[in-house]
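Here's a quick briefing to read with the structure open beside you. Take a look first, then dig into the details below.

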Amino acid sequence: MQQHIDSYDFKGKKAIVRVDFNVPLDENFKITDDTRIRRAMPTLKKVLAEGGSVIIMSHLGRPKKVDPKFSLKHIVDHVSECLGVPVKFADDCQKADDLAAALKPGEALLLENLRYYAEEEGKPRGLAENASDEEKAAAKKAVKASQKEFTKKLASYADCYINDAFGTAHRAHASTALIAEYFPNDKMFGYLMESEVKAIDNVLKNAKRPFTAIIGGSKVSSKLAVLENLLPKVDNLIIGGGMGYTFIKAEGGQIGNSLHEDELIPQAKEIMAKAKELGVNLSLSVETHVADDFSNDANSKYTSSHAIPEGWEGMDAGPKSLENWRKIILDSKTVLWNGPVGVFEMPNFAKGTLQIAQDLADATAKGAYTLVGGGDSVAAVTQMGYADKVSYVSTGGGAMLEAIEGKTLPGIAAIQE
């Protein structure tokens with residue numbers, strides 16, 4: 001049975017909390033962006049304030065073996081600083097029995113990187129490249145069996161389980177989905193997870209109209225399911241970024257050397273036909289900032305999106321496209337944005353994406369509900385200083401995408417069951 005963090009009694013209890021502390025570190029192991037750590041603080045502080053203790057677990061990077069580069073010890077001091085109490089550290093997440101048992105109310109313990117163990121993800125490691133199907137199946141069976149013990153050990157440290165890691169909610173890993181079974185009546189979402197679930201429900205189930213989705217990024221293939229799931233729900237669908245050129249080519253446009261996926265032209269045509277049938281206003285770029293090379297310093301000019309010369313490629317949305325999109329956004333009551341509308345990592349071609357961030361801030365000021373997710377969209381909103389000028393910034397790129405695709409996220413289902 002799902003509990004609620006605000007009504008649960010933590011006094012004298014140990015809570016094991018799955019967070020997403022997969023933060024970027026520089027070559028000296030200094031944290032370059034601590035957003036994920038800060039977003040988990042309200043949940044951790046709540047447990048401590050109520051007289052409980054916390055056992056914090058997370059992954060960092062994608063290590064395939066124990067590797068000091070991916071050790072969570074690099075972040076202990078910063079977590080202690082944010083939490084306001086000295087955080088103890090267990091240098092092996094499977095050998096923390098004594099440290100966990102000794103925790104007193106108000107104390108915190110951070111476990112070493114969960115992904116040092118193959119059991120966290122439940123996938124075999126170290127198989128020979130030429131391994132037979134039988135060997136692969138046996139290895140998979142073995143890791144699934146040992147995964148039970150791994151999960152059981154983590155669960156043994158605590159009295160209740162809190163999942164506050166939306167960024168990994170789409171993975172059916174030991175610490176995100178399987179561990180919940182050991183706490184049938186003592187499992188709950190943390191504040192961050194709860195707010196993410198609510199934000200997605202706000203756009204997918206309770207959207208005020210007109211509802212506009214802006215989907216960008218480089219490839220149609222990675223967003224096809226998203227587009228298909230959104231079509232029946234939205235009033236306007238803006239498709240920008242590299243993926244837009246596949247649609248423009250499908251309409252018969254000349255796209256020069258722009259990024260596109262020929263094999264997906266039939267699906268692009270289907271999506272456009274479906275939009276027409278449903279009365280959805282599908283808006284593509286009409287003017288493009290093109291360059292003669294994929295580099296920040298290339299020669300560039302503006303051209304019609306449907307007449308890009310050979311040898312030139314689309315790099316960003318042009319002013320006419322942005323003007324069209326701004327009108328649509330400002331007339332909306334709900335806006336979902338995932339993915340850049342240009343080559344955001346190059347300053348000369350980041351203008352369109354930054355303009356969308358501005359438009360969302362303006363729409364929010366007019367009373368619209370705006371949800372931003374996905375690495376570059378979040379970076380654009382943050383870069384403009386607008387993270388608090390939109391309604392919600394999601395911490396999970398992949399998890400948010402799968403939720404928009406209409407998939408059930410294992411980390412959420414494990415708590416709600």
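Is Asp 201 buried, partly exposed or exposed? Asp 201 is partly exposed, with a relative accessible area of 25% (buried means under 20%, exposed over 50%, partly exposed in between, using a 1.4 Å probe and protein chains only). Keep in mind that this is a predicted model, where local features need pLDDT of at least 70, side-chain atom pairs count only at pLDDT 80 or more, and totals for chains, interfaces and linings use all residues. Residues are numbered from 1 along each chain as its sequence is written, and side-chain values use heavy atoms, leaving out hydrogens and water.

**Salt bridges**
- The whole structure holds 17 salt bridges (a side-chain nitrogen of Lys or Arg within 4 Å of a carboxyl oxygen of Asp or Glu).
- One of them joins Asp 201 to Lys 205, with the closest N and O atoms 3.3 Å apart.
- Lys 205 is exposed, at 64% relative accessible area.
- Asp 362 and Arg 326 also meet in a salt bridge, at 3.0 Å from N to O.
- Asp 362 is partly exposed at 23%, and Arg 326 is partly exposed at 28%.

**Aromatic pairs**
- Three aromatic pairs turn up across the structure (ring centres of Phe, Tyr and Trp, the last by its six-membered ring, within 6.5 Å; planes under 30 degrees apart are stacked, over 60 edge-to-face, the rest tilted).
- Tyr 117 and Phe 150 make a tilted pair, because their ring centres are 5.5 Å apart and their planes sit at 45°.
- Phe 150 is buried, at 2% relative accessible area, while Tyr 117 is partly exposed at 25%.
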